[in-house]
Amino acid sequence: MSKHSPTKQSSYQNVLSNIIKEGVLKKRKMFGWVQYKFVLRNSELRRYNTKSYRNVMKAYPINSDCHVNPTGTDNLEFTIRHKKHTLHLKAATQLERDAWIKALNSRIVGGSQQFTTQKAREEKEFREKEENRKHQVSQKRNSVIANLRTFDTREVGSPKPEIEI
């Protein structure tokens, strides 16, 4: 027979079942990186002291206002950008970082769809503007070429167009 009553045991299992991902990450502070335990639950990322999960130090909401992006040159860092704050985190390995990014993106509203980062959206907008500019230049070039053809096919002896200076 178990030590805990059935209600205590089921509530404990319920708490554990809400955990999507947990692990140790480093958080960037003003003068370096500090190690904390993080737990991702349904709609929030909780930060704990590394010694225990007893008291939540901070809870960060994970919702449609969040943008999760890989950053840094060592492929270990990522950021969680929210309207009110940006959280800079660092994993021990690139695989762990990618797993955290995937888990966080899955919790963002609409996370079942392919999540598009802010940078990817900006790059897409830039490409669309560039394509539009190229199309306009092409149309202008074709117009100029068409005008040159009509000018070249004039009859000999026709008056030259006057150029105003």
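**View 1. Negative surface patch of Glu-122, Glu-123, Glu-125 and Glu-128 in a predicted model.** These four glutamates together make up a surface patch of negative charge. Glu-128, one of the patch residues, is placed in helix H3, which covers residues 118-152. The relative accessible area of Glu-128 is 47%, so this residue is classed as partly exposed.

View 2. Glu-130 is partly exposed, at 24% relative accessibility. Arg-133 is also partly exposed, with a relative accessible area of 42%.

**View 3. Salt bridge between Glu-44 and Arg-46.** The closest N and O atoms of this pair lie 2.5 Å apart. Glu-44 has a relative accessibility of 21% and is therefore counted as partly exposed. Arg-46, with a relative accessible area of 23%, is partly exposed.

**View 4. Salt bridge between Asp-98 and Arg-97.** The side chains meet at 3.0 Å, N to O. Are the two partners buried or exposed, given the cut-off of under 20% relative accessible area for buried? Arg-97 is at 7% relative accessibility and so counts as buried, whereas Asp-98, at 34%, is partly exposed.

**Salt-bridge count for the model.** A side-chain nitrogen of Lys or Arg must lie within 4 Å of a carboxyl oxygen of Asp or Glu.

Technical notes
Residues are numbered from 1 along each chain as its sequence is written. This is a predicted model: local features need pLDDT of at least 70, side-chain atom pairs count only at pLDDT 80 or more; totals for chains, interfaces and linings use all residues. Side-chain values use heavy atoms; hydrogens and water are left out. Patches are made of residues with over 30% relative accessible area and no salt bridge: like charges are joined within 9 Å, nonpolar side chains (Val, Leu, Ile, Met, Phe, Trp, Tyr) within 5 Å. Accessible areas come from the Shrake-Rupley method with a 1.4 Å probe; for residues, only the protein chains shown count as cover. Lys and Arg count as positive and Asp and Glu as negative; His and the chain ends are not counted. The place of a charge is taken as NZ of Lys, CZ of Arg, CG of Asp or CD of Glu. Helices (H or I, at least four residues) and strands (E, at least two) are DSSP runs, numbered from the N terminus. Buried means under 20% relative accessible area, exposed over 50%, partly exposed in between (1.4 Å probe, protein chains only).
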